[in-house]
Amino acid sequence: MAMLPDEIWAHILEIGTDSASLTYRDLCALAMASRRLSRLSAEPALWSTLLAIDFPDGEKVSPSPKALYQTRFKLEKAKRVALQRAKMLFAQSKVAVSRKRLQELKLSLVREGDRLKAAVEELRNLERARTASVALNVWQPDVVRGRQKQIVEQCTVPIESRVCALKMEVQVCKQQIANFNKTYEEEKKKLGKHKQALASLEYHPLQSHFNSTPSDSNKRKRLELSSDSKLSSAAFEWDEQEKAESF
């Protein structure tokens, strides 16, 4: 590395930034390697190229492209963090709504269950009263007859009409409970999906704020191949130049 002059290194870095093979991360890593590379990686032309690639809509001409890149990077990072926070809040609201909906469905199931139990109990009592009223028409011992007469007298509503209404109410309660159970299971699935979406949005300190899409990665691979050929040709030219100078 020490044998290569600054011009060759500058040309290599220029090829890397022009082909998008070197990013701001690579230049910052090179700057920490040595003082020489720190000086070479801080060339304004390199950061002007990165500005044009990473921020094509912004200002590209500046006395200090590196400082402008840092400013634009911080602004872009703040926007992305704010957008990420908004997405997380939206996902959290979905989870909260689903949980609230599940609680409401649980209460509805409890109410319908209590209503069904009450209807079944009342229907059972009416069936006993109807059976007792029929039994009064036949001879029975006085003790049994008195108990059945007491059951009939305690029933103050028309038995037949009330029995029909209660049977219909039992059917309605069962249908409602089935619907609530179905809705409850669907809401549980939605809650699971919302939790997964929220987990995928959790902030990670090592997550890049310049995530590349699959098409970008494919493009980068093609550019890397072309840049490798350019670097090889540049190194070959330098070897030929050294041989000529030695003769």
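Starting at the N terminus, the elements of this protein go α-α-α-α-α-α-α-α. That gives 8 helices and 0 strands, where helices (H or I, at least four residues) and strands (E, at least two) are DSSP runs numbered from the N terminus.

Some ground rules: this is a predicted model, so local features need pLDDT of at least 70 and side-chain atom pairs count only at pLDDT 80 or more, while totals for chains, interfaces and linings use all residues. Residues are numbered from 1 along each chain as its sequence is written, and side-chain values use heavy atoms, with hydrogens and water left out.

How confident is the predictor? pLDDT is its confidence in each residue, from 0 to 100. The mean pLDDT of the protein is 78, and 69% of its residues reach 70 or more.

| Element | Residues | Mean pLDDT |
|---|---|---|
| Helix H7 | 159–200 | 91 (highest) |
| Helix H8 | 214–246 | 45 (lowest) |

Over residues 208–232 the pLDDT is below 50, yet this stretch has 24 contacts in the model beyond near neighbours in sequence; contact means heavy atoms within 4.5 Å. Residues 241–247 also stay under 50, with 0 contacts beyond four places in sequence.

Now for some packing. Two packed helices are described by the angle between their axes and the distance between the axes. Helix H2 (residues 24–31) and H4 pack at about 155°, with axes 11 Å apart. Axes are lines fitted to C-alpha atoms, for helices over the stretch in contact, and angles run from 0 to 180 degrees between N-to-C directions. H2 and H4 are therefore roughly antiparallel (under 35 degrees is roughly parallel, over 145 roughly antiparallel, 65 to 115 roughly perpendicular, the rest oblique). On the H2 side, Tyr-24, Leu-27 and Cys-28 meet Leu-46, Trp-47, Leu-50 and Asp-54 of H4.

Thr-49 sits in H4, which covers residues 44–54. A polar atom of the Thr-49 side chain lies 3.0 Å from the backbone oxygen of Ala-45. Setting aside neighbours within four places in sequence, Thr-49 touches Thr-17 and Asp-18.

Over in helix H5 (residues 65–135) you'll find Ser-98. Is Ser-98 buried or exposed? Ser-98 counts as buried, because its relative accessibility is 2% (buried means under 20% relative accessible area, exposed over 50%, partly exposed in between, with a 1.4 Å probe and protein chains only). Beyond four places in sequence, Ser-98 is in contact with Glu-187, Leu-191 and His-194.

How values were computed: A polar contact is a pair of N or O atoms within 3.5 Å; within protein, one must be able to donate a hydrogen and the other to accept it, and residues adjacent in sequence count only if both atoms are side-chain atoms. pLDDT is the predictor's confidence in each residue, from 0 to 100.
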